[in-house]
Every structure is written in C-alpha cells, then in structure tokens.
Amino acid sequence: MRSLVVFYSRTGNAKFVADNVASDLGADTEEVTDIKNRRGWLGFLKAVYDATRGKETTIEKTKKSPRDYDLIVIGTPVWNSRITPAIRTYLKENNLSEMKIAIFPQVKEEVAKKLLQL
Ligand SMILES: Cc1cc2nc3c(=O)[nH]c(=O)nc-3n(C[C@H](O)[C@H](O)[C@H](O)COP(=O)(O)O)c2cc1C
C-alpha cells in the first residue's frame, strides 16, 4: 500500500510525528508550507484569528499527487480547536473524496494527557 503523510507544522511538533509515522509506514511525506508569516506574537494572533474564522491561506505548490497513493495521513496542529489554515487550504486544493484518510491532530501536552487520561 502506498501511503503519503501530508503535514503542516509551525514549530516542529507535527513534523516530528509526521517523520516518525512516515518512517513506520514506509510512506512518502509532503510538508505543506504556509506563505503567511506565522512567527512571533503577531503571527500567533493571526493564526488564532484565521483558524477561528475557518480561513484559508496561500500555500506553496505541493509536489506529490495524492491520487498516486492508497492512503493519505494528514498531520496538523490544532489551533483554537480547529485545523490549521494551511491544511484547510490543502484539502480545498486537493480532491481527496473516496480516498482512505487518517488524521493526527497535534495538541498541547496537557490536552493530550487529558485525552489519553494520563
Ligand atoms: C495559534 C495556536 C493555537 C493553538 N490552539 C490550540 C488548541 O486549541 N488546543 C490545543 O490543544 N493546542 C493548541 N495549540 C498548541 C499546538 O496545537 C501544539 O503546540 C502543537 O503541538 C504545535 O504543533 P507544531 O509544533 O507542529 O506547530 C495552539 C497553538 C497555536 C500556535
């Protein structure tokens, strides 16, 4: 089975998980790059605003065609309980209907512990 791990990462956590998932699955990876500057406090505030409004963004042209794969694994940080604008945009620009999809949302440590009841 050919698998593709598509991810967006602002500070590296989702990238770390994506690289490990890809290595375990023997999958290819596609990092989605947001053209908008998300660094610093202003970037953080804009990120909260854009995610909360369900906004899309501009992403760099991606290299791989998801239709060449049997499984798409999507990794995204959670921003204010929502997916990131970069992944929202990727999903709009790529028709994944009828495809097998898995998603790993990347959350704060305390949220992850609560979810896993640790
Ligand atoms: C703008 C913004 C909003 C966030 N909102 C949430 C949230 O609602 N819930 C949560 O658990 N974590 C939230 N986080 C934390 C990130 O999801 C978490 O740190 C994630 O691991 C970051 O992934 P990255 O390093 O790949 O960017 C938020 C982080 C940012 C920057």
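Why does Ile-72 count as buried? Some notes on this predicted model, starting with that residue.

1. **Ile-72 itself.** Ile-72 has 22 C-beta neighbours inside 10 Å, so it counts as buried; the cut-off for that label is 20 or more. If you want to find Ile-72 on the chain, look in strand S3.

2. **Who Ile-72 touches.** Setting aside neighbours within four places in sequence, Ile-72 is in contact with Leu-4, Val-6, Pro-66, Leu-96, Met-99 and Ile-101.

3. Val-6 is on the contact list of Ile-72, and it has a list of its own. Not counting residues up to four places away in sequence, Val-6 touches Glu-30, Val-32, Ile-72, Ile-74 and Tyr-90.

4. **The nonpolar core.** Val-6 turns up again here: along with Val-5, Phe-7 and Val-32, it has the most contacts inside the largest nonpolar core, which has 17 residues. At least two residues of this core come from each of strand S1 (3-7), H1, strand S3 (71-77) and helix H3 (85-93). S1 gives the largest share, 4 residues.

5. **Overall layout.** Zooming out, the protein has 4 helices and 4 strands. Read from the N terminus, the order is β-α-β-α-β-α-β-α. The radius of gyration is 14 Å, close to the 13 Å that the globule rule gives for 118 residues, so the protein is as compact as a globular protein of that length. Along the principal axes, the C-alpha atoms fill a box of roughly 40 × 35 × 25 Å.

6. Of the 118 residues, 28% count as buried. Take the contacts between residues at least 6 apart in sequence: 79% of them join residues at least 24 apart.

7. **Around the ligand.** Which residues are closest to the ligand? They are Ser-9, Thr-11, Asn-13, Ala-14 and Val-107, out of 19 residues that surround the ligand. By class, this shell has 9 nonpolar, 7 polar and 3 charged residues. Helix H1 (13-25) and helix H2 (40-52) each supply at least two residues of the shell.

Terms used: Residues numbered from 1 in each chain as written. Predicted model: local features only at pLDDT ≥ 70, side-chain atom pairs only at ≥ 80, totals over all residues. Near = placed C-beta within 6 Å. Nonpolar A, V, L, I, M, F, W, Y, C, P; charged D, E, K, R; others polar. Rg over C-alpha atoms; globule rule 2.2 N^0.38 Å. Buried ≥ 20, exposed ≤ 12 C-beta atoms within 10 Å, placed from the backbone. Contact = placed C-beta atoms within 7 Å. Core = buried A, V, L, I, M, F, W, Y, C linked by C-beta atoms within 7 Å.
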